[in-house]
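Q: Please take a close look at one part of this model, the disulfide bonding, and then follow the account into the helices and strands that matter for it. Keep it plain, and give the cut-offs of the terms you use.

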Amino acid sequence: MTNPHFVNFYAPWCGYCKRLKPVWDELAEKYNSLSSHSTLIIAKVDCTVETPICADEGISGYPSLVYYDIGIKKGVKYQGKRDLVGLEDFISNFQGEKKIDVSPGNTNTKTKLKNGALELTDENFQNTVNWGLHFVKFYAPWCGHCQKMARAWEELAENLQYDKSVTISKIDCTENKKTCSEFEVKGYPTLLWIVNGKKIEKYQGTRDLDGFKKFITEMKAAHKETLEHEEGRIPEPKEEPNLVVELSKDNFENVIAQGISFVKFFVPWCGHCKRLEPVWNNLAIKYSSNPKIKIAKVDCTKEERLCGEHKIAGYPTLFIFREGKFITEYHGERKLENLHSFVLDYIQHTEL
């Protein structure tokens with residue numbers, strides 16, 4: 001790897017990934033357009049297609065944003081807010097540079113961080129609020145009530161600047177009329193609770209730090225279930241019967257004596273074995289109605305002698321037996337359709 005990479009590991013079905021897409025595309029447009037050999041490359045990996053890569057990188061939820069520096073194999077996972085200012089601040093920490101802005105004449109489109117509060121504009125508003133929880137102050141500089149409340153709002157932002165679950169921001173409606181009109185702001189200050197880009201509730205409480213914090217606690221509790229449902233976590237495997245036959249030195253010969261036996265020799269700590277496990281279980285389910293076919297496994301940490309007798313040198317090793325006799329080792333792709341076709345060939349040969 002000759003360039004540092006910032007990689008978005010995602011799944012197309014993930015709601016948060018979909019909302020991150022325009023932000024990530026904008027980030028890629030800025031950094032990938034630069035020609036320097038040391039320039040950071042913004043990349044993405046579809047984990048539903050490149051499953052082995054994502055498994056090797058330990059990806060457990062989507063999107064996972066990982067920074068890989070030159071010469072460093074293990075990446076650093078980004079844990080901040082998924083907006084341009086957060087992503088660029090993270091990049092700057094590694095590169096020791098100011099944020100890159102290649103848009104011609106762009107002097108006002110970038111999110112600014114002031115006292116922990118994000119200052120938004122028409123240009124960056126939607127990309128900033130389209131994911132997650134946001135408490136936004138719509139204000140006008142000349143408004144007396146806004147001026148009175150300003151300090152409490154900055155205290156709130158300072159207080160919650162390390163809370164990654166909610167963003168405290170503000171937008172000047174005298175300069176950003178389009179956004180304020182879209183959110184039907186008719187008076188100042190207007191404080192809106194926004195979830196995933198949509199206005200959920202207008203704040204009507206006392207305009208002080210305690211009132212704001214109480215409201216945020218209530219709103220976070222109310223929308224916890226919604227956010228967890230849309231979070232790009234890898235789904236827990238469905239409860240399906242495990243029909244794989246477990247073999248040991250005591251039952252090995254008897255089990256494989258009749259019909260066709262497809263045996264996986266594995267160890268629990270092996271990454272490739274872990275990735276194969278759900279596929280192997282599905283293969284067993286596929287052949288569960290055929291008494292002549294057995295999909296089996298041997299744990300070589302428990303059955304060292306048995307694995308030694310079969311000269312197992314790597315994991316997983318897949319052997320097929322017919323009527324108790326070893327036929328061949330499987331070397332193909334470890335996908336369900338490939339494994340299924342392999343076994344099917346031997347069923348047909350047997351029947352012939």
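A: A residue is called buried under 20% relative accessible area, exposed over 50%, and partly exposed in between, with a 1.4 Å probe and protein chains only. The model is predicted: local features need pLDDT of at least 70, side-chain atom pairs count only at pLDDT 80 or more, and totals for chains, interfaces and linings use all residues. Residues are numbered from 1 along each chain as its sequence is written, and side-chain values use heavy atoms, with hydrogens and water left out.

The disulfides come first. A disulfide here is a pair of cysteine sulfur atoms within 2.5 Å, and the structure holds 3 of them. With bonded cysteines counted along the chain, the pattern is 1-2, 3-4, 5-6.

Cys47 is bonded to Cys54, with 2.1 Å from S to S. The torsion about that S-S bond is -85°, a left-handed link. Cys47 has a relative accessible area of 4% and is therefore buried; Cys54, with a relative accessible area of 4%, is buried as well.

Cys173 and Cys180 are joined at an S to S distance of 2.1 Å. Their link is left-handed, with -90° about the S-S bond, and both Cys173 and Cys180 are buried.

The pair Cys300 and Cys307 is also bonded, S to S 2.1 Å. This disulfide is left-handed because the torsion about its S-S bond is about -85°. Cys300 and Cys307 are both buried.

Next comes a strand. Strands are DSSP runs of E with at least two residues, helices are runs of H or I with at least four, and both are numbered from the N terminus.

Two strands count as paired if DSSP finds at least two bridges between them. Strand β7 (residues 117-120) runs parallel to β9 over 3 bridges, and Leu118 has Ser169 as its bridge partner in β9. Strand β8 (residues 133-139) also pairs with β9 in the parallel sense, over 7 bridges, with Val136 standing opposite Ser169.

Two further cysteines lie in helices. Cys17 is among the buried residues of α1, as are Trp24 and Tyr31; Cys17 counts as buried because its relative accessible area is 7%. The expected span of a helix is 1.5 Å times one less than its number of residues. For the 17 residues of α1 (residues 15-31) this should be 24 Å, and the end C-alpha atoms are 25 Å apart, which agrees. The bend at a residue is the angle between axes fitted to the seven residues ending there and the seven starting there. In α1 there is a kink of about 40° at Lys21, shortly before the proline Pro22.

Cys146 belongs to the buried residues of α5, which include Met149, Trp153 and Leu156; the relative accessible area of Cys146 is 4%, so Cys146 is buried. Helix α5 (residues 144-159) has 16 residues and should span 22 Å; its end C-alpha atoms are 24 Å apart, which agrees. A kink of about 40° in α5 is centred on Ala150.
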